[in-house]
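Hi,

Here's the structure I said I'd pass along. Have a look at it first, and then read on for what turned up.

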Amino acid sequence: MDMEWLTALGSAFVFPALLIAAIAYFCGCFNGAVIVSKYILRDDIRNHGSGNAGLTNFYRTFGGFLTLVVILCDVLKAVIAIWVGILLTKQILVDDAVAVNLAKYWAGMFCLLGHMFPCMFHFKGGKGILSGGTIAIMLDWRLALLVWGGFLILVVLTRYVSLGSVFAAAAFPVGTWLFVSHDPVIMALALLLGGLVLYMHRANIHRLLTGTEN
């Protein structure tokens, strides 16, 4: 009977998890830099600068008021994705702190995947710093303070946005352990979230190590 109960419980999680993942991924696919540059400016950001569809490359290439539109888009999609995870978990599964935290990390990961690899833009998106930072804010203010604080200090002191970004990604799972949860599944998701951002910055890390970063 116990095994049947565990199997039923596991099955109950499958549909909500898949639904949250799908919605969060498609939220992430609405890449602000690509949408604004391609459909408003008629000049795809991925054809300029570093070729990255992110806020930094957009600002360096186009600047201006539309940068705020990119920021708003990338922030809102992360907020919506996380709230979808929270609400679906509470409505379909259980209103439990651990389950809700797990849902937030789960939704955040798929939102970030959508931002980095958007299916509607040939899987070529951004590096996930702004959306990832928003996810950190939605998770825990202390985690956000660690991630954003370290990012801003390093950028101000060194003027390397990429160095701040690498620190933020590395600090994310550490902050999760310190301030959010020691749950192994949540920690695994935190490591994946941080690892994704580090992976997207692999070229920047190489340039930082060789002293050729902009």
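Before we get to the pockets, a quick word on terms: a pocket is an open set of grid points with protein on both sides within 12 Å along at least five of seven lines, and its lining residues have an atom within 4 Å of a point. Keep in mind, too, that this is a predicted model.

Let's take the second largest pocket, which has a volume of about 210 Å³. Its lining is made up of Phe13, Pro16, Ala17, Ile20, Thr89, Leu93, Ala99, Leu102, Ala103, Trp106 and Val185. Ten of these residues are nonpolar and one is polar, with no charged ones. Helices α1, α4 (66-93) and α5 each bring at least two residues to that lining.

Now for the largest pocket, with about 810 Å³ of space. It is lined by 34 residues, and Asn52, Thr56, Asn57, Lys127 and Val161 are the closest to its centre. That lining splits into twelve nonpolar, 16 polar and six charged residues. Which helix gives the most to it? That would be α3, with six residues. Other helices that supply at least two residues each include α5 (97-116), α7 (141-158) and α8 (161-180).

Last, the surface. Phe26, Phe30 and Met120 make a nonpolar patch there, and together they have about 290 Å² of accessible area. Phe26 belongs to helix α1 (residues 2-28). At a relative accessible area of 43%, Phe26 counts as partly exposed, because that class runs between the 20% limit for buried and the 50% limit for exposed.

Cheers

Notes
Residues are numbered from 1 along each chain as its sequence is written. This is a predicted model: local features need pLDDT of at least 70, side-chain atom pairs count only at pLDDT 80 or more; totals for chains, interfaces and linings use all residues. Side-chain values use heavy atoms; hydrogens and water are left out. Patches are made of residues with over 30% relative accessible area and no salt bridge: like charges are joined within 9 Å, nonpolar side chains (Val, Leu, Ile, Met, Phe, Trp, Tyr) within 5 Å. Accessible areas come from the Shrake-Rupley method with a 1.4 Å probe; for residues, only the protein chains shown count as cover. A salt bridge is a side-chain nitrogen of Lys or Arg within 4 Å of a carboxyl oxygen of Asp or Glu. Helices (H or I, at least four residues) and strands (E, at least two) are DSSP runs, numbered from the N terminus. Buried means under 20% relative accessible area, exposed over 50%, partly exposed in between (1.4 Å probe, protein chains only). On a 1 Å grid over the protein atoms alone, a cavity is a set of points where a 1.4 Å probe fits but cannot get out, and a pocket is an open set with protein on both sides within 12 Å along at least five of seven lines; lining residues have an atom within 4 Å of a point. Grid points are joined across faces, edges and corners, and a volume is the space filled by probe spheres set on the points. Ala, Val, Leu, Ile, Met, Phe, Trp, Tyr, Cys and Pro count as nonpolar, Asp, Glu, Lys and Arg as charged, and the others, Gly among them, as polar.
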